[in-house]
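Subject: Model for you to look at

Hi,

Could you have a look at it next to the text and tell me what you think?

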Amino acid sequence: MHVRTLGSRTTSLDVPALGLGCMGMSDYYAPGDEAGSLATIRRALDLGVTFLDTADAYGPFTNEELVGRAVAGRRDEVVLATKFGVERRPDGTAVGINGRPEYVRSACEASLRRLGTDHIDLYYQHRIDPAVPVEETWGAMAELVAAGKVRHLGISEAAPATVRRAHAVHPVTAGQYEYSLFTRDIEDAHLPVLRELGIGLVAYSPVGRGLLTGAPAPQAYGERDFRRTAPRFQGENLTANLALVERVRALAAAKGVTPAQLALAWVLAQGPDVTAVPGTKRVRYLEENAAAADVVLTAGELAALEQAVPRGAVAGARYDEGRLAQVDL
């Protein structure tokens with residue numbers, strides 16, 4: 001697996017070009033499959049996909065426990081990333097966004113315990129708390145670094161100005177944002193700021209929450225699958241988006257790769273400071289995704305993708321109104 005570097009020289013973190021998003025193993029999509037998920041994570045480590053992405057909110061809490069069990073005995077092989085800030089009760093009820101310093105400290109201790117480790121390689125502020133100055137949140141995060149409990153700090157779905165304020169308190173190693181052929185909102189303002197400050201980009205949902213795999217089946221989504229109400233997966237929006245997927249499928253066939261591999265290769269082609277964490281709980285899809293790191297796109301192929309999926313062509317918002325309210329635009 002190819003290695004990429006997140007962060008500036010003083011806060012650099014080497015990670016695989018492609019990591020593994022573990023969220024869907026426990027939450028937000030179909031029901032979990034613990035045995036299959038454990039096998040997938042362990043196979044990921046064998047393939048060099050050692051950048052694992054989780055969060056305390058996933059499950060909630062159970063995803064970190066799952067990851068902890070999967071990496072037991074192999075912790076030194078792993079770049080372990082988790083997040084705090086989306087507060088949920090054990091039954092899954094949403095409490096809200098929490099960036100209070102005392103919560104940062106308690107959330108970190110709980111994550112360390114669930115993950116079965118004495119340090120977190122990359123600790124993200126999952127969402128920005130509008131009621132707490134980001135400087136206060138990041139002051140507490142910096143204390144965790146000083147204490148050796150956290151190695152690097154990250155920020156997710158934060159506005160460019162917020163990123164600047166956080167970076168002034170402690171260097172930000174990585175910014176995590178949704179980024180794919182279908183979601184390119186960050187290109188105008190966010191990505192330039194990340195690059196100005198020497199912050200790496202970790203792209204989540206790099207295959208458009210499954211749409212870009214070429215085989216979406218919205219009618220099969222279970223009751224717990226948030227895509228059942230996501231605007232891009234509804235009615236006329238879905239019809240329009242599937243037409244774009246067909247264009248990607250045709251280009252992938254011409255290249256001799258799968259649509260998912262083509263979509264992932266496009267993300268990685270956006271710069272050496274970009275890595276992606278596609279999620280899956282199945283070994284065969286993990287192996288398919290991992291192979292995308294070796295797919296090299298020519299200038300002509302990149303241009304063809306731009307023509308097939310013009311920026312702004314995707315129909316529907318990426319979140320419904322309630323979820324979008326959590327994003328610090």
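N63 counts as buried because its relative accessibility is 0%; buried here means under 20% relative accessible area, exposed over 50% and partly exposed in between, with a 1.4 Å probe and protein chains only. The residue sits in helix α2, residues 62-71. Helices are DSSP runs of H or I with at least four residues, strands are runs of E with at least two, and both are numbered from the N terminus. Leaving aside residues up to four places away in sequence, N63 touches C22, M23, M25, S26, T54 and Y58, where contact means heavy atoms within 4.5 Å.

Before you go further: this is a predicted model, so local features need pLDDT of at least 70 and side-chain atom pairs count only at pLDDT 80 or more, while totals for chains, interfaces and linings use all residues. Residues are numbered from 1 along each chain as its sequence is written, and side-chain values use heavy atoms, with hydrogens and water left out.

Next, strand β8. Residues 120-125 form this strand, and 6 of its 6 residues are buried. Strand β5 (residues 79-84) runs parallel to β8 and is joined to it by 4 bridges; two strands pair if DSSP finds at least two bridges between them. Strand β9 (residues 150-156) is also parallel to β8, with 5 bridges joining the two.

The buried residues of α4 are V134, T137, W138, A140, M141, A142 and L144, and they pack against β5, α3 (101-115), β8, β9 and α5 (160-169). After α4 comes G148, with a positive phi near 80°.

Last, A253, which is found in helix α7, residues 235-255. Is A253 buried or exposed? It counts as exposed, because its relative accessibility is 59%. A253 and G32 are 221 residues apart in sequence, and their C-alpha atoms are 31 Å apart in space.

Cheers
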